[in-house]
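Subject: Handover of a structure for your review

Dear colleague,

Please find below the structure that I am passing to you.

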Amino acid sequence: MRPTLRLLEDSLIERILDEARTIVGTLGVEIHNPGVLALLGDHGARIDAAGSRAFIPGALIDRALESAPSGFHLYDVLGQETHHFCGDRVHFTPGSAAITVLDGDTGEIRKPHTADYIKYVKVVSGLRHIEAQSTAFIPADVPSRVSDSYRLYLSLLYGEKPVVTGAFTIEAFAIMRDLQLAVRGSETALAEKPLTIFSCCPTSPIKWSDVTSQNVVDCARASIPVEFISMPLTGFMAPVTLVGSIIEHAAETLSGLVISQLANPGAPVLWGGSPAIFDVRYETTPMGAVETMMLDCANSEVGKFLGLPTQGYIQMSDAKQLDAQAGLESTMGATLAALSGINSVSGPGMLDFESCQSLEKLVVDHEVCAMTQRLLAGIEPRDDFPSLPLFEELLREKHLLIAKHTRKHLKAEILVPGPVIDRANHARWVEEGSLTLGARARAEVARLVAAYTPSRLADEAKAELTRRMAAEAKRYGMDRLPAQT
Amino acid sequence: MDLLKSIAESLEHGDDERVHALVTEAVAAGLPAGDVLNQGLIAGMGVVGEQFRLREIFLPDVLLAARAMYAGLDVLKPLLARDGVPTAGTVVIGSVQGDLHDIGKNLVGIMLKGAGFEVVDLGNDVAPERFVDAAARSGAAVIGLSALLTTTMSVMKDVVDLVKARGLKARVIVGGAPVSEAFAKDIGADAYGFDAANAVDRVKALAAGA
């Protein structure tokens, strides 16, 4: 039996969706992109061009829900399937787009550079339970106009795992698609085997910017999967009640879904989000708050009710260091997300709300991912009935350490964590250096970097990636890409 | 040499039947029992011990290798005795008086046997006199004392004192959940093992006179 968590009754979800549909139909959606407004208008939405507003009728929503796929696959740079977003399957992805990194050697939170990014890709390449890369942080040593594509370039050059990413401008979409084409070879091949997911974020309350709405359209037309990242803030940019926030999330996400499906019916999407409560003491958006996590899980339940695969930014922490708060918030998030069956769980490695990536936290979070996957595997009988022979053996041999039953089922039943998790007795822990979690995590990061083997992507494809990225950088005044050392 | 290497590799894989067959073949081929022991069985256990220390393999793998070691020793023992090849030594083990727990002690016993020691296991709730008598009788190099309870660990000092009072050469190693290196020093024990694998390392050192 798969353990599950439910926070919403179906009848409550129906009422939430009714309200969301009413909002996008009567209050409308503010969209700062004439082309997208025209697209909606052409298909029956009432448009208030002066107010940049589209009033989306229920029929358009129903059509979008009919055409949106209930699941999709993701493939690595070699074309091997890595993800199947469907049902209650759970995949983990590092938190993305941080503006700082926590330097594991100095303890300093600072701007990241190319070398940090390459190190990150090497580390995530070795993390078995984190199946995707994300473009986890924004290198500060390239012009901001290419900082989005440059992250993707480094990920595709050094890593094999598919990438959760996003464009910061309308223009950047072209190069970010072209980089993927350098890997796949053709638009058809890319559409058949998606390599990335693009995060596209509405702006609360119930708005789409020029950039993000165009990104939704461009991704859909290229059959590049999109995760909608609605971010209502309870009590500030959304009702303070959790249900009110879920209604707003549904309204924003339904509007994105309609845009996507009008651009290309059947385009793959994730019903995603990064909701948060608003902390009225510190004026912050705590990702480690239990209510934030409840919102993530509840939003996913709404998406599942609609038959869509889901995503959530949930395995994160507001702590500034790899400390107990970081551990408890991230672990609670991962556990709740997994029990909820959120298909794409984003967040590992992330500190300081959503702004700081830590490789040391990433390897600790990886252990959490492994543990939650074990939790999801549940408790199943494995040659346990009848039990008498096994207990006879136990009484006869006085232990079962080398029993056939033990050898057969040990690995499936008992998760053996990596070296980050301390399970030694005290004396052994002392003998091995009395290492703190931080020290063990640093050692594991170093081990993974040393164990990294270069991507098996063909050399010609790698060269083409670099040629395309260098040309893009040159457009924005950078004659030479940063050294990759 | 290939035969000895095969013995070592089969032992590493915990294949007791193959180890038994290969050791039998080696003996039939006229290889000295001491060579089969040291370059086959003990060499294989050395690899297993190192892999376990590096956490590349787990306790069941070690115990399977130990079982394979016994299978080889069954063939070799009479020949080793005939040739006068010394064993790794004898260790008397038990849980101290008042303590009925013996899981840790059993584990240490299994792993000591796997390392080539003769083990005299006195069981649990063992009075100090029984430890000392058994050590004297068997010529044990080491006495291993186990305790799980804080209420019984004090008995360990009684055993250490009795060993000294009787003038035995046997060294004493202690272990168990409430025991520590500091406690071992306090009561005059010669060593402390913080887990079964560590206990085997410490016993080897004690048996070698360290």
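Two strands are said to pair if DSSP finds at least two bridges between them. Helices (H or I, at least four residues) and strands (E, at least two) are DSSP runs, numbered from the N terminus.

This is a predicted model, in which local features need pLDDT of at least 70 and side-chain atom pairs count only at pLDDT 80 or more, while totals for chains, interfaces and linings use all residues. Residues are numbered from 1 along each chain as its sequence is written, chains are lettered from A and ligands numbered from 1 in the order in which they are written, and side-chain values use heavy atoms, with hydrogens and water left out.

Strands of chain A

Strand 4 (residues 72-75) and strand 5 (residues 81-85) of chain A are antiparallel partners, paired over four bridges. Within this pair, His73(A) lies opposite His84(A) of strand 5. Five residues separate the two strands of the hairpin, and Gly79(A) has a positive phi near 90°.

Chain A also holds an open sheet of four strands, in the order 8-7-20-19, with mixed pairing. Strand 8 (109-110) and strand 19 (350-351) of chain A are at the edges with a single partner strand each, so one side of each has no neighbour in the sheet. Strand 19 of chain A runs antiparallel to strand 20 (residues 356-357) of chain A, and two bridges join them. Leu351(A) is opposite Cys356(A) of strand 20.

Helix packing in chain A

The axes of helix 6 (residues 172-184) and helix 17 (residues 459-475) of chain A come within 8 Å and cross at roughly 165°. Axes here are lines fitted to C-alpha atoms, for helices over the stretch in contact, and angles run from 0 to 180 degrees between N-to-C directions. Helix 6 of chain A is therefore roughly antiparallel to helix 17 of chain A, a term used for angles over 145 degrees. Contact (heavy atoms within 4.5 Å) involves, among others, Ile175(A) and Leu179(A) of helix 6 and Leu465(A) and Met469(A) of helix 17.

Backbone features of chain A

Most residues other than glycine have a negative phi, and most peptide bonds are trans. Ser204(A) and Pro205(A) are joined by a cis peptide bond, with omega about 0°. Pro205(A) is in the loop between strand 11 (196-200) and strand 12 (207-208) of chain A. Ile206(A) lies in the loop between strand 11 and strand 12 of chain A, and its phi is positive, near 55°. A cis peptide bond also runs from Phe385(A) to Pro386(A), with omega near -5°. Pro386(A) sits in the loop between helix 12 (359-377) and helix 13 (388-397) of chain A.

Chain B and the interface

In chain B, five strands form an open sheet in the order 2-1-3-4-5, with parallel pairing. Its edge strands are strand 2 (118-121) and strand 5 (191-193) of chain B, each pairing on one side only. Strand 3 (residues 142-146) and strand 4 (residues 171-175) of chain B are parallel partners over five bridges, and Val142(B) has Arg171(B) as its bridge partner in strand 4.

The contact between the chains takes 11 residues from chain A and 15 residues from chain B. About 1200 Å² is buried between chain A and chain B, with carbon and sulfur atoms giving 65%. Buried area is the accessible area (1.4 Å probe) that two parts lose on being put together, summed over both.

Yours sincerely

Terms used. Parallel < 35°, antiparallel > 145°, perpendicular 65-115°, else oblique.
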